Amino acid sequence: MAIVVDLELCKGCGVCLKECPNKAISLEEKKARLADSCTSCGICVRVCPFKAMHKNLDLKTGAVKCTSCPVQCEVLNGFIGACQRYRNDGGKLVRNRRLVTDKSEGGPLITAVGAGTSYPCCRPAPHIVQDTIDDVEVITVVTEAPLSYSGVKVKIDTNLFIGNEGAKVRRNGKIIGMVDTEEYGSKMLTIGGANLLTGKDGFIVARTVVEIANGERVTVKVDDGSELELEVGARPIINGIIDTKMRVGCGSATIGMFASVLKEAVDEAIILDHHVVGLLSEHLAGEFVGMSWSGVTPKARRSTRGRYFGEPGPGWGGTDIENPRDAIQSVDMLIAKAGMKILVTETTGQKAALFEVEKDGGVIEIPLTKRVRQSVNTIVANCEEARVSAVYTGGTGGSARAGVAVNPLQVTQAVHCGEAKLTIGGAETFVLPGGGINFMVDVEKVVPKAFTWVPTPATVAPVEYTMTLEKYKEIGGHMDYIRMREDIKNS
Ligand code: SF4
Ligand code: SF4
């Protein structure tokens, strides 16, 4: 089916240019024009706001139709499909990445990266290989599976405010995910998922999931929150600030770890944190090091002794306190004494201020003393580096199992009972309990640039199942399609 531009309807808005994966569209005199790299993938038809692009019924002259996903690209000689995986090489479609056969210790016999797919799932997987490991006959079955149930969970080790839980995350104004609940010292995003992938902006969702999983830098914006520049393995950039430290613990934990150090330096310490703000003298750890309540009350909601809930915001410790003076709500002069020193700092120790109590219960900021600086540096020295990490999440409990064996349910059962090992691009997975095969994998352990996407839209993951030959036979494996690993490596 060739793509046709209705020049009457085309307004030259350029929306299709940005979305075309093959950069096949240009604007000439404010009208869309298609190049030979167009594969009739249909993205432009689906995104054009003026319905100016449509498919006709003719096979594109000279093109080869790909059947490796439902998109059915028509690819001319020398060009590649919309997913960038298949190339028309002299009239034959070939996978344009070599199969990655390097084996990690204890991993699959080969990876699925570069393997191609078993879609439409009524044929065996592209590679079913056998080898002998420690005198046991082992099978690995590999396929690059399009997964509409897929996404990435992005972990940002930072104390900086990114936005409220549940807030939408956008890229180029389109919703691609949301802010999840925090995980200890980290902010979490969920990007992708079946509903967004099948929604009206599914193409940018798929592209974002794959770019993050492949370690590319992506800029997103949280509604009523921050702009985030994210690259797996690198420091997060939040509203243009490169964050460097992950908090050592919440404010209460920081008091617990450093109570004796802080006591030597000040009469009181308020450790600001978006979760729990700690107050040294009132905290049980303060009592353990011989302190009693100083009369200072921090500006936060009291939880239990020495522990207060902070309000999230763009201020110190990820709270809404932007001026450290505001962290001190009151000083009870029936208990406190003039000249007392109060340290206000964060759970990363990156910002710190010292205050002295005046006779009337007011406070004035004074320079940090050497001892106070040393105590804060002790907190800093115990913080890990701020970084971005991600796990790819997917569900491969559906039709792709048919490429593995004729009894799909037995594939699932073998994975769940540990008789078949599921890996993604050579990396170990965590398989979620319950039905189906829902997995998570650390993208940094996967073969580099292993993820792709197809414009159904869905992301494509390299999936490997490894088990004994005996088990493979038992679950109805495609025995006639087994090849020796050595033969595949040499082919
Ligand atoms: S059909 Fe696909 S490849 Fe062709 S111009 Fe449209 S978006 Fe680009
Ligand atoms: S997008 Fe689908 S049809 Fe197009 S080349 Fe890739 S696998 Fe083939």
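## Ground rules

Because the model is predicted, local features need pLDDT of at least 70 and side-chain atom pairs count only at pLDDT 80 or more, while totals for chains, interfaces and linings use all residues. Residues are numbered from 1 along each chain as its sequence is written, and chains are lettered from A and ligands numbered from 1 in the order in which they are written.

## Two ligands

Ligand 1 has 14 residues around it. Cys20, Cys38, Cys41, Ile43 and Cys44 come nearest. A residue is near a molecule if its C-beta atom, placed from the backbone, lies within 6 Å of it. By class, this shell holds ten nonpolar, four polar and no charged residues.

Ligand 2 has 15 residues around it. Here Cys66, Cys69, Cys73, Gly81 and Cys83 come nearest. The shell of ligand 2 counts ten nonpolar, four polar and one charged residues. Ala, Val, Leu, Ile, Met, Phe, Trp, Tyr, Cys and Pro count as nonpolar; Asp, Glu, Lys and Arg as charged; the others, Gly among them, as polar.

## The seven-stranded sheet

Seven strands form an open sheet with mixed pairing. Their order is β22-β23-β20-β19-β25-β26-β27. Its edge strands are β22 (301–304) and β27 (363–366), and each pairs on one side only. Neighbouring strands are turned by 30° against each other on average, direction ignored. Helix α5 (residues 251–265) packs on the sheet. It touches β19 (268–272), β20 (276–279), β23 and β25 (341–346). The direction of α5 makes about 25° with that of β20.

Some terms need cut-offs. Helices (H or I, at least four residues) and strands (E, at least two) are DSSP runs, numbered from the N terminus. Two strands pair if DSSP finds at least two bridges between them. Axes are lines fitted to C-alpha atoms, for helices over the stretch in contact, and angles run from 0 to 180 degrees between N-to-C directions. Residues are in contact if their C-beta atoms, placed from the backbone, lie within 7 Å.

## Strand pairs and hairpins

Strands of a sheet pair through backbone hydrogen bonds, either parallel or antiparallel. Arginine 302 stands opposite tyrosine 308 in β23.

β25 and β26 (residues 352–357) pair antiparallel over five bridges. Isoleucine 342 faces phenylalanine 355 in β26. Their hairpin has five residues between the strands, and glycine 349 takes a positive phi near 70°. Four bridges then join β26 to β27, also antiparallel. Phenylalanine 355 has glutamate 365 as its bridge partner in β27. This hairpin has five residues between its strands, and glycine 361 in the turn has a positive phi of about 90°.

Isoleucine 212 is found in helix α4 (residues 202–213). It is buried, because 29 other C-beta atoms lie within 10 Å. The cut-offs are 20 or more for buried, 12 or fewer for exposed, and partly exposed in between, with C-beta atoms placed from the backbone and counted within 10 Å. Not counting residues up to four places away in sequence, isoleucine 212 touches Val152, Val154, Ile191, Val218, Leu230, Val232 and Ala390. Its C-alpha atom is separated by 9.3 Å from that of serine 389, 177 residues apart along the chain.

Valine 261 lies in helix α5. It counts as partly exposed, because it has 17 C-beta neighbours inside 10 Å. Valine 261 touches Ser375 and Thr378, not counting residues up to four places away in sequence. The C-alpha atoms of valine 261 and valine 372 are separated by 9.2 Å, with the two 111 residues apart along the chain.

Definitions and conventions. Two residues are in contact if their C-beta atoms, placed from the backbone, lie within 7 Å.
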